[in-house]
Amino acid sequence: TFPPLFYTMKSMQLASKSGPQRFMGVVDTGGRFHLFDHTLNAELLSLAGSGIAFDLLDLDDNGQPELVTSAVNENGDADRLTISRVKGLRQLIPLWRSGPLPGNLSALAHGDLDGDGKQELIGAVDTAAGKSELVVFN
């Protein structure tokens, strides 16, 4: 079921031969990520320990959604950006993981920043010094 309280929520739409596919992602107040279909009735995926910042997009234009999360290390180090492909029901295929970021990732977005036709990821990182930095991943 859709969580009544949550930190972050995003939606996405993919073009496909059978028509548009719509997804909704949400991080609940317990820090668990949930992926739903467009009806918000069918939970496709649930993931613990994903951090509050996430993004949903088709990063490589293959018609399948990718999930980008701010996974926290178990030993208390800074966040790491993790990209996984959502494949079928309840299956994530890891694609890439960054090294430690200079702090905690508080927000994620995407866009073609340099006009090359490829999506870049932009993260807001809250540093230990109390400042926020924007980090761009190509």
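Author: Strand 3 (residues 33–37) pairs with strand 4 (residues 43–47) over four bridges, in the antiparallel sense. Two terms need their rules. A strand is a DSSP run of E with at least two residues, a helix is a run of H or I with at least four, and both are numbered from the N terminus. Two strands count as paired if DSSP finds at least two bridges between them. In general, strands of a sheet pair through backbone hydrogen bonds, in parallel or antiparallel fashion.

A word on the source. This is a predicted model, in which local features need pLDDT of at least 70 and side-chain atom pairs count only at pLDDT 80 or more, while totals for chains, interfaces and linings use all residues. Residues are numbered from 1 along each chain as its sequence is written, and side-chain values use heavy atoms, with hydrogens and water left out.

Now look along the hairpin. Histidine 34 faces serine 46 of strand 4. Five residues sit between strand 3 and strand 4. One of the turn residues is leucine 40, with a positive phi of about 65°.

Lysine 10 and aspartate 55 form a salt bridge, 3.7 Å from N to O. Lysine 10 lies in strand 1 (residues 6–14) and aspartate 55 in strand 5 (residues 54–57), so the pair is 45 residues apart and links distant parts of the chain. A salt bridge here means a side-chain nitrogen of Lys or Arg within 4 Å of a carboxyl oxygen of Asp or Glu. Aspartate 55 is buried, at 4% relative accessible area, whereas lysine 10 is partly exposed at 21%. The cut-offs: buried is under 20%, exposed is over 50%, and partly exposed is in between (1.4 Å probe, protein chains only).

The whole structure has three salt bridges. What about the others? In one of them, aspartate 60 meets arginine 85, with the closest N and O atoms 2.4 Å apart. Aspartate 60 is in the loop between strand 5 and strand 6 (66–71), while arginine 85 is in strand 7 (residues 80–86), so parts 25 residues apart in sequence are tied together. Arginine 85 also forms a salt bridge with glutamate 66, at 3.0 Å from N to O. Glutamate 66 sits in strand 6, 19 residues from arginine 85 in strand 7. Aspartate 60 is partly exposed at 39%, arginine 85 is buried at 15%, and glutamate 66 is buried at 1%. Shared partners join Asp60, Glu66 and Arg85 into one network.

A further open sheet has three strands in the order 9-10-11, with antiparallel pairing. Its edges are strand 9 (103–111) and strand 11 (132–137), each pairing on one side only. Strand 10 (residues 120–127) is joined to strand 11 by six bridges. Glycine 123 stands opposite valine 135 in strand 11.

Finally, the whole chain. It has 11 strands and zero helices. The radius of gyration is 15 Å, close to the 14 Å of the globule rule for 138 residues, so the protein chain is as compact as a globular protein of that length. That radius is taken over C-alpha atoms, and the rule is 2.2 Å times the number of residues to the power 0.38. Buried residues make up 41% of the 138.
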